[in-house]
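Biologist: I would like to go through this model with you, one topic at a time. Could you bring it up on the screen?

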Amino acid sequence: MEQNTKNVNINSILLKPAEKRSDYSKIQILIDNKSMTPTEIKLFYKDGSKTYLKINSLTMNQIIDNNVFIFNKTDHPGVSVEDLRMN
């Protein structure tokens, strides 16, 4: 569905869960037609609550050092770590 918001053409994508047990009733993603990037994500929960995520800027194709994704337990004393990876 196409909308015009603040002189910007926006496409709206509506996602509905396949699983009935999901906490969400729907998720709406708003995408700027010109840049083809998301501008907002709206989460609608079955209990009636809502969460809106507004994306002000988005930097694509960044090179991120692998160390960013490594959790060092010694840097966080007192924190309990549970490894939930499946073998």
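Biologist: Where is Asn61 found?
Modeller: Asn61 is found in the segment after β5. Please bear in mind that the model is predicted.

Biologist: What is phi for Asn61?
Modeller: Phi of Asn61 is near 55°, which is a positive value in a residue other than glycine.

Biologist: Is Asn61 buried or exposed?
Modeller: Asn61 is exposed, because its relative accessibility is 77% and the exposed class begins over 50%.

Biologist: Which loop holds Met36, and what is its phi?
Modeller: Met36 lies in the loop between β3 and β4, the latter spanning 38-45. Phi of Met36 is near 55°, again a positive value in a residue other than glycine. With a relative accessible area of 59%, Met36 is exposed.

Biologist: Let us step back to the fold. How many helices and strands does the protein chain have?
Modeller: The protein chain has zero helices and five strands. Read from the N terminus, the order of elements is β-β-β-β-β.

Biologist: Is the chain a compact globule or more spread out?
Modeller: The chain is more spread out than a compact globule, because its radius of gyration is 19 Å, well over the 12 Å that the globule rule gives for 87 residues. The C-alpha atoms fill a box of roughly 50 × 35 × 25 Å along the principal axes.

Biologist: What share of the residues is buried?
Modeller: Buried residues account for 14% of the 87 residues in the protein chain.

Biologist: Now the aromatics. How many aromatic pairs does a search of the whole structure find?
Modeller: The search finds two aromatic pairs. One of them joins Phe44 and Tyr52.

Biologist: What is the geometry of the pair formed by Phe44 and Tyr52?
Modeller: The ring centres of Phe44 and Tyr52 are 6.3 Å apart, and the angle between the planes is 65°. The pair is edge-to-face, because planes over 60 degrees apart fall in that class.

Biologist: How accessible are Phe44 and Tyr52?
Modeller: Phe44 counts as buried, since its relative accessibility is 12% and the buried class lies under 20%. Tyr52 is partly exposed, with a relative accessible area of 45%.

Biologist: Which charged end sits over the ring of Phe44?
Modeller: That of Lys26, which is 4.8 Å from the ring centre of Phe44.

Biologist: And which residue lies over the face of Tyr52?
Modeller: Lys42 lies over the face of Tyr52, at 5.2 Å from the ring centre.

Biologist: On to salt bridges. How many does the structure hold?
Modeller: The structure holds two salt bridges. In one of them, the side chains of Glu19 and Arg21 meet at 3.6 Å, N to O. In another, Arg85 meets Asp83 at 2.6 Å, N to O.

Biologist: How exposed are Glu19 and Arg21?
Modeller: Glu19 is partly exposed, with a relative accessible area of 49%. Arg21 is exposed, with 73%.

Biologist: What about Arg85 and Asp83, buried or exposed?
Modeller: Arg85 is exposed, and Asp83 is as well.

Biologist: Which residues form the nonpolar patch on the surface?
Modeller: Ile64, Val68 and Phe69 form that patch, with about 340 Å² of accessible area together. Val68 lies in the segment after β5, the strand at 50-54. At 59% relative accessibility, Val68 counts as exposed.

Biologist: Back to the loop between β2 and β3. Where do Pro17 and Asp23 lie?
Modeller: Pro17 lies in the loop between β2 (8-15) and β3 (24-32). Asp23 is found in the loop between β2 and β3 too. Pro17 is partly exposed, with a relative accessible area of 33%, whereas Asp23 counts as exposed at 57%.

Biologist: What separates the C-alpha atoms of Pro17 and Ile27?
Modeller: A distance of 8.5 Å separates them, and Pro17 and Ile27 are 10 residues apart along the chain.

Biologist: And those of Asp23 and Val81?
Modeller: The C-alpha atoms of Asp23 and Val81 are separated by 26 Å, with the two residues 58 residues apart along the chain.

Methods. Residues numbered from 1 in each chain as written. Predicted model: local features only at pLDDT ≥ 70, side-chain atom pairs only at ≥ 80, totals over all residues. Heavy atoms only, no water. Phe/Tyr/Trp six-rings, centres within 6.5 Å; stacked < 30°, edge-to-face > 60°. Buried < 20%, exposed > 50% of the residue type's maximum accessible area, 1.4 Å probe, protein only. Lys NZ or Arg CZ within 6 Å of the ring centre and 35° of its normal. Patch = residues over 30% accessible without salt bridge, like charges linked within 9 Å, V, L, I, M, F, W, Y side chains within 5 Å. Areas by Shrake-Rupley, 256 points an atom, 1.4 Å probe, with all protein chains shown as cover. Salt bridge = Lys/Arg side-chain N within 4 Å of Asp/Glu carboxyl O. Helix = DSSP H or I, 4+ residues; strand = E, 2+ residues; numbered from the N terminus. Rg over C-alpha atoms; globule rule 2.2 N^0.38 Å.
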